[in-house]
Amino acid sequence: MAEKSEVDDLKDWPPEHLKPFMDLLHEMNKESPRGSVLVCAAMLDNQLEQCIRARLVDHPDVSKLTTGFNAPLGTFSSRIVSALALGIVSTDEYHDLEIVRGIRNDFAHRLGMGFDDQSIKDRCANLRLSAKDYGDVVVGTHGQFLTAATALILNLTNRPHYVGLKRLLHEEWPY
């Protein structure tokens, strides 16, 4: 019997649950700085929706909370706060998600916005999950944003599964 090679181990790479992340990396590498902010924020927004839906009771109408016109949990902002309130994200993740949301808003709504803007530099310097400068390596503002966003995305990749293990259950309450 032939011995298994390292190449054989990689033929099933990436695992199914990491394919969206690998697609994201591919997209980020093609994007401008502005585009990378919008792509990362969109991915995080989607992941938060999946996490929230995994926590709530299993009922077809629950989707009305997260999707459709005027859904109460249909915005990135409402999903971030809801994820904190439902115990889905840590306080450090919440902190960084709020910074990512603010940066996303600036890049989406202000022409000429870039990582050289002082307000963006200040916020990226406060990201808790970002890579920091070390030795001769300077991460830079864009690098701080991307490493924090990537850390958040990786943290949330399997979160719907684990949150779903503690899904809320429908109960009949006494009068």
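At roughly what angle do the axes of helix H5 and helix H6 cross? The axes of H5 (residues 91–109) and H6 (residues 118–125) cross at roughly 160° and come within 10 Å. The model is predicted.

**Helices H5 and H6**

- Angles over 145 degrees count as roughly antiparallel, and H5 and H6 are therefore roughly antiparallel to each other.
- H5 and H6 form a left-handed crossing.
- On the H5 side, Ile99, Gly102, Ile103, Asp106 and Phe107 take part in the contact, and they meet Ser119, Ile120, Arg123 and Cys124 of H6.
- Sorted by class, the residues in the contact of H5 with H6 are five nonpolar, two polar and two charged.

**Helices H3 and H7**

- Helix H7 spans residues 140–157, and its axis comes within 10 Å of the axis of H3, with a crossing angle of roughly 20°.
- Angles under 35 degrees count as roughly parallel, so H3 and H7 are described as roughly parallel to each other.
- The crossing of H3 and H7 is left-handed.
- H3 contributes Pro33, Ser36, Val37, Cys40, Met43, Leu44, Gln47, Leu48 and Cys51, which meet His142, Phe145, Leu146, Ala149, Leu152, Ile153, Leu156 and Thr157 in H7.
- The contact of H3 with H7 holds 13 nonpolar and four polar residues, and no charged residues.

**Aromatic rings**

- The count of aromatic pairs is two.
- In the pair of Phe107 and Phe115, the ring centres are 5.0 Å apart and the planes are at 40°, so this pair is tilted.
- Phe107 has a relative accessible area of 1% and is buried, and Phe115 also counts as buried, at 10% relative accessibility.
- In the pair of Phe115 and Phe145, the ring centres are 5.8 Å apart and the planes are at 50°, so this pair is tilted.
- Phe115 lies in the loop between H5 and H6, and Phe145 lies in helix H7, so their pair ties together parts 30 residues apart in sequence.
- Phe145 is buried, as is Phe115.
- Phe107, Phe115 and Phe145 are linked into a cluster by ring pairs.

**Ile52 in helix H3**

- Ile52 belongs to helix H3, which covers residues 33–55.
- Ile52 has 0% relative accessibility and so counts as buried.
- Leaving aside residues up to four places away in sequence, Ile52 touches Thr66, Leu73, Arg79, Ser82, Ala83, Leu86 and Ile88.
- Ile52 and Ile80 are 28 residues apart along the chain, and their C-alpha atoms are separated by 9.6 Å.

Conventions:
Residues are numbered from 1 along each chain as its sequence is written. This is a predicted model: local features need pLDDT of at least 70, side-chain atom pairs count only at pLDDT 80 or more; totals for chains, interfaces and linings use all residues. Side-chain values use heavy atoms; hydrogens and water are left out. Helices (H or I, at least four residues) and strands (E, at least two) are DSSP runs, numbered from the N terminus. Buried means under 20% relative accessible area, exposed over 50%, partly exposed in between (1.4 Å probe, protein chains only). Contact means heavy atoms within 4.5 Å. Axes are lines fitted to C-alpha atoms, for helices over the stretch in contact, and angles run from 0 to 180 degrees between N-to-C directions. Angles under 35 degrees count as roughly parallel, over 145 as roughly antiparallel, 65 to 115 as roughly perpendicular and the rest as oblique. A crossing is left-handed if the near helix is turned anticlockwise from the far one by less than a right angle, and right-handed if clockwise. Ala, Val, Leu, Ile, Met, Phe, Trp, Tyr, Cys and Pro count as nonpolar, Asp, Glu, Lys and Arg as charged, and the others, Gly among them, as polar. Rings of Phe, Tyr and Trp (its six-membered ring) pair if their centres lie within 6.5 Å; planes under 30 degrees apart count as stacked, over 60 as edge-to-face and the rest as tilted.
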